[in-house]
Amino acid sequence: MTDIVIKNLPILVVLCPLMMSLIVVLIPNIFLSWLLTFASTFVAFIFSILLYQEVQIHSTISYALGNWAPPLGIEYVIDKVSIFPIIIITLIGFLTTIFSSKMMPDEINETSISKVYSLWLLAIAGLIGLVTTGDAFNLFVFLEISSLASVALVAMGAQKDKQALVAAYNYLIIGAVGATLYVIGVGLLYGITGTLNMADLSERVVDLKNNKALIAGFGFMIVGIMVKAAVFPMHIWLPRAYAYAPSAVSVLLAATATKASLYILARILFSVFDIGDNLIINTLSYIILPLSIIAMFAGTIMAVYEKDIKRLLAHSSVAQIGYITLAFAIGTKASVAAGFIHMFNHALIKGALFMAITSISFYIQKRVTLSNLSGLGRAMPITFFCFVICSLSLAGLPLTAGFISKLYLIKASISADGLWIAILILFSSALSVIYLWKMIEALWLQQPRKEIIIKENPTIYISLLIITFLNIYFGLDASFVVDSSTEAAEKLVGVSK
Amino acid sequence: MISFENLILITLLSPLLVCLLTPLLSSKPILRDILGPLGGIISSWGAIQLMASILNGEQPRLELLQIAEGISISFVVTPLGAIFGLVASVLWIFAAIYSVGYMRGNKEKNQTRFYIFYAMAVHAALCIAYAGDLLTLFIFYEVLTFSTYPLVTHKQNEMAQKAGRLYMSILVGTSVILLLPAIIWVWVVTGSLEMSQNGVLDGKMNPDYAPYLLAMFVFGIGKAALMPIHKWLPAAMVAPTPVSALLHAVAVVKAGVFTMLLILTNVFGIDFLSKTGASNWLVWLASFTLLTTSIIAIYKDDIKARLAYSTISQLSYITLGGALASSMATQGATLHIITHAAGKITLFFVAGAIYVGAKMSKISELNGHGKSMPLIFLAFFVGSLSIIGVPPMGGSWSKFFLMLGAAESGYITVIAVFCISTILNAYYLMEIPARAFFFKKEREVKIKIPILITIPTLITCFLTILLFFFIEPFENLTSIMVSKL
C-alpha cells in the first residue's frame with residue numbers, strides 16, 4: 001500500500017485537491033465542506049513532505065502519466081528545484097484553509113460556500129500541477145485551471161464589494177492575454193522542435209541557435225509568464241485582484257499564485273534554455289534586470305502613497321517580485337539561490353501580513369485603511385504582535401526570515417560585482433520601512449476615535465501565529481531554505497557558474 | 001569555577017530575564033522594580049569576571065547558534081568589548097535604581113512596558129559588546145534600535161511620534177542602506193564574517209577602495225552620531241530622563257562608537273589604516289563635528305538638549321581617536337568610553353533630578369537654586385569637571401591619551417582642536433552650576449527630590465573620581481587591545 005502511494009506521489013499531490021474539489025461542490029454543509037477541504041490540503045502537504053524525502057534520496061523523480069513514456073506522454077518531474085515551490089504552495093494552502101474557516105461565512109453567502117471551496121481546491125491543484133509538470137503544454141492547462149479558478153474566487157468578493165467584479169474582469173482579460181502569449185510561444189517551439197516535453201526541448205534548442213522562430217517563441221513564452229508572475233509593468237491586474245478578493249482568497253493568492261509563475265520563469269530561463277546562451281544573457285541583463293529595478297522602486301513608492309491597506313500590501317508584492325526577478329537576472333548560482341530563498345520567505349511574509357490585515361478587517365467589519373487602524377494595536381494585541389513581527393520580516397530586519405533573503409541577495413549581488421545593485425536593493429527596502437512604519441505607528445501611537453473592544457478569535461489567530469512563528473524560525477535556522485535553494489540553483493544554473 | 005561560556009551567558013541573559021519577568025510581576029510594583037538593579041548586579045559580576053579573564057590573557061568565546069552555513073550568532077570577549085560590557089552593566093545598576101525614583105516621582109504611565117524595553121535595550125547593548133562576528137554585531141545593533149523606540153515614544157503624543165520617526169528613519173535607514181552592505185562587502189572580500197585583533201582586510205582589500213568601505217561604515221553607524229547624521233540624538237531627548245541617561249549617554253551611543261572602534265581596529269586594523277591613510281578624511285570630519293556641536297551646545301537653553309549636543313561632541317572624540325590610527329589614540333578613545341559614560345550619566349541624572357524635583361528643564365530657570373539642591377548641583381559640577389578633563393577626575397586620563405595619540409600620528413592641528421573644545425566644554429557646562437550657585441534666585445520653587453534619585457547620582461559622581469585613581473586595569477586592557485598578535 002505505502003509502496004503504491006510513494007510510487008505515485010507526483011500525481012497524488014495534484015489529484016488529492018483536484019478530486020476533492022469535485023466532491024466538495026456537492027456538499028451543502030458549510031462545516032463539512034470546510035473539513036474536506038482542510039483534510040485534502042493537509043494530505044497534500046504531507047505528500048509534499050514525503051516527496052521532499054524522496055527527492056533527497058533519488059534526486060529526480062520522473063513520473064510518466066498513464067504510463068505513456070516521455071517525451072511522447074506527459075511527464076511529471078519532481079526534482080530539487082520543483083519540490084521547493086510545491087512545499088510553499090501546499091504549506092500555505094493548508095494554513096490558509098485553517099484561516100478561512102471563520103472568514104468565509106462572514107463574506108460569502110451560505111449557499112455559495114461549498115462552491116468557493118471547490119474553486120479554492122481547484123486553484124491549489126492548478127498551482128501544484130503547474131510546478132510538477134514537465135510538459136510545456138500541460139503547463140498551459142494547469143496555468144489556466146489555476147487562473148480561472150482564481151478569477152472566480154476574486155469575483156466572489158462581489159458579495160461584499162462590487163469592485164471585486166471589475167478586479168476579476170481585469171484579472172481574467174489580462175491573465176487570458178498572458179496565457180495566450182504563452183501558448184503561442186509553445187506552439188512556435190513545437191513547430192521547430194517537434195516536442196512539448198521540457199527536458200527534451202532543452203536538448204533540441206541547443207542546435208537551433210539564432211533561429212528566428214526560436215527567439216520569437218521564447219519571447220512569447222517569457223512575456224506570457226511574466227504577465228502571470230506580475231513582473232512590472234505587467235502587474236496591473238494584481239493590486240485590484242488582491243485588494244477586492246475575499247479575505248482568505250487574498251491570503252492564498254498573495255502567498256502562492258505569483259510564486260508558481262516565478263518558478264516557471266526560472267525554469268524556462270535556466271532549464272529549458274541555457275544560461276550561457278546570448279539570448280538568455282541579453283534577456284536577463286537588458287530586459288529583466290532593468291524591469292526588476294523599476295519594479296522595486298515603483299511598487300514601494302506606490303505602497304508609500306496608498307491608503308487602503310490591502311492594496312498597499314499588493315503594491316509591496318510587486319516590489320518584492322522585483323527582488324526575486326532581479327536575483328534571477330544577475331544570473332549567478334548564488335543569486336538564483338537567493339531568488340529561491342526570497343520566494344519561500346516572501347510567501348511566508350506576505351501570507352502573514354495579509355492574514356493579519358484581513359483579520360483586522362474581520363474584527364472591525366470594515367475595509368482597512370490607514371485612518372481606521374488608529375489605536376487598534378491595543379485592542380488586538382496578538383494580531384498586532386504578529387503584524388509587527390512580519391512587517392519587520394518584510395523590511396528585512398535581523399532574526400527574521402526576510403533578513404536571510406536580503407543577506408543572500410546582497411551577498412550575491414556584491415559577489416557579482418554589483419555593489420550598486422546591492423545599494424539599490426537596500427535603498428528600496430529602507431523605503432519600504434516607511435509604509436510599514438506608517439501602519440505600525442497608526443496601530444500603536446494614535447488614539448482610537450472611539451473605544452473599541454475586540455475579542456480576538458482563536459481559530460483566526462492560530463494560523464497567523466503559526467505563520468509568524470515560521471517567519472522567526474526560518475530567520476534563526478535557515479539551513480533548510482538555504483540548502484534546498486542552493487541545490488535548486490545548482491541544478492538550474494549548473495555547477496560551472 | 002564557572003566556564004567562560006556560562007559566564008558570557010549569565011552576563012547576557014540576566015537583562016533578558018529581567019525583560020521577560022517584568023510583565024509577570026506587573027501587579028507587584030515593588031518586586032518588579034527590584035528586578036532591574038538585581039539583574040544589573042548579576043550582569044556586572046559576570047562582566048567583571050570576563051574582564052579579569054581577559055587580563056589573564058584568555059579569550060572567552062561562545063557559539064550560540066548556527067543560522068546557515070557561514071552565518072552564526074557567536075560571542076567573543078575582546079578587551080574593547082570587555083570594557084564596553086562593564087560600563088553598560090555597571091551603570092545599568094544605578095540607572096535602574098534611578099529610573100524607579102524617576103518614574104514614580106514623575107507618576108509616569110505604562111511603567112511595566114518601560115522596564116521591559118529598558119532591560120531589552122541593555123541586553124542588546126551587552127550583546128553588541130561581546131559580538132563575536134560582524135553579523136551578530138549588526139543583528140544586535142538593530143535590536144537595540146528597535147527596543148529603544150518604545151522608550152523614545154513613551155509619552156505616545158505627537159511630539160514623541162515625530163521624534164520617534166526621525167530616530168527610526170536615521171538609525172534604521174543608515175544601518176540598512178550602508179552598514180549592512182559594508183559588512184557583506186567585507187564578507188565577500190575576506191570570505192568570512194570573523195574579525196581579528198589586528199584587522200582582517202590587510203592584503204585582501206584593494207587599498208584604493210578602503211576609504212569608500214570606511215565611509216560606508218562611518219555613515220552606516222548612525223549611533224556614533226557623526227555629522228550630518230547626528231539629528232536623531234537631540235530628537236531622542238523627548239524620552240524620559242532615565243532613557244536619555246543610560247541609553248542616550250551610555251548604551252546606545254557607546255554602542256555606536258564601540259562599533260566604530262571595533263571596525264577601525266578589528267576589521268581595518270590600525271596598521272592598515274595608517275599605511276593606506278584610509279581614515280585621514282575621518283579625522284577632519286570628526287574634528288569638525290566635535291567643534292561645531294560644542295558651539296551649538298552653547299546656544300541650547302534646554303538642559304537635556306545642551307547635554308545631547310555635548311554628547312555628540314564627546315562621541316566625536318572617540319571616533320577621532322580611532323581615526324588617528326595610532327595605538328596611543330586608540331587607547332585614549334577606549335578609555336574615553338568609560339570616563340565619558342560615568343561623567344555624562346551623572347549630568348543626565350542631575351537633569352532628571354531637577355525636572356522631577358523642581359519641574360525645571362531650562363538652564364535660564366536655574367538661577368540661585370544651588371542652595372536648595374546643593375548635592376545635586378555638586379554632582380553636576382564634579383561630572384562636568386570630568387567631561388572637561390580636569391584632574392582628579394577620570395576624564396583627564398582619556399584626554400591625555402588622546403592628545404598624546406594625536407601627537408604620535410603627527411596631527412598637530414588635532415591637538416589644537418582638543419584644546420579649543422576643552423575651553424568650549426568648560427564654557428557651556430560650567431554655566432549651569434555657576435548660575436545655580438552664584439546668581440540671584442528669581443522665584444521660590446517647592447523642591448522634592450526622591451532619595452532613589454539622589455543616591456545613584458551621587459554614586460556615579462563618585463565613580464568619576466574613583467576612575468582617576470583606579471584607571472590601571474582599564475589601561476592594561478587597552479594595551480592588550482593594541483598589542484600585536
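Predicted model: local features only at pLDDT ≥ 70, side-chain atom pairs only at ≥ 80, totals over all residues.
**Chain A as a whole**

Select chain A and colour by secondary structure: 20 helices and two strands make up its assignment. The radius of gyration is 21 Å, close to the 23 Å from the globule rule for 497 residues, so chain A is as compact as a globular protein of that length. Along the principal axes, the C-alpha trace covers about 70 × 55 × 40 Å. Colouring by burial shows 62% of the 497 residues of chain A as buried.

**The A–B interface**

Now show both chains and select the residues of chain A that touch chain B. On this side there are 23 residues, in contact with 20 residues of chain B. Three helices of chain A each supply at least two of the residues on the chain A side: H17 (401-415), H18 (419-444) and H20 (479-493). Select H18(A) next, as this helix gives the most, with 10 residues.

**The nonpolar core**

Select A:Val154 and B:Ile128. These two touch the most other members of the largest nonpolar core, which holds 399 residues. In general, nonpolar side chains tend to be buried together in soluble globular proteins.

**The loop between H9 and H10 of chain A**

Go to the loop that joins helix H9 (212-229) to helix H10 (237-244) in chain A, where A:Pro233 is found. Which form does the peptide bond from A:Phe232 to A:Pro233 take, cis or trans? It is cis, with omega near 0°.

A:Ala230 lies in this loop between H9 and H10 as well. Its phi is positive, about 60°, although A:Ala230 is not a glycine. A:Ala230 counts as buried because 28 C-beta neighbours lie inside 10 Å, the cut-off for burial being 20 or more.

**The loop between H7 and H8 of chain B**

Switch to chain B and select the loop between helix H7 (210-220) and helix H8 (232-235), which contains B:Pro228. The peptide bond from B:Met227 to B:Pro228 is cis, with omega near 5°.

Select B:Ala225, which lies in the loop between H7 and H8 of chain B. B:Ala225 has a positive phi of about 55° without being a glycine. With 30 C-beta neighbours inside 10 Å, B:Ala225 counts as buried.

**Helix H6 of chain B**

For the last stop, select residues 158-190 of chain B, which form helix H6. How far does this helix of 33 residues reach from its first C-alpha to its last? The distance is 46 Å, close to the 48 Å expected at 1.5 Å a residue.

Centre the view on B:Ser175, where H6(B) has a kink of about 35°. Then move past the end of the helix to B:Gly191, the residue that follows H6(B) and has a positive phi, near 85°.

Key. Residues numbered from 1 in each chain as written. Chains lettered and ligands numbered in written order. Contact = placed C-beta atoms within 7 Å. Helix = DSSP H or I, 4+ residues; strand = E, 2+ residues; numbered from the N terminus. Rg over C-alpha atoms; globule rule 2.2 N^0.38 Å. Buried ≥ 20, exposed ≤ 12 C-beta atoms within 10 Å, placed from the backbone. Core = buried A, V, L, I, M, F, W, Y, C linked by C-beta atoms within 7 Å. Expected span 1.5 Å × (residues − 1). Bend = angle between axes of the 7 residues up to and from the residue.
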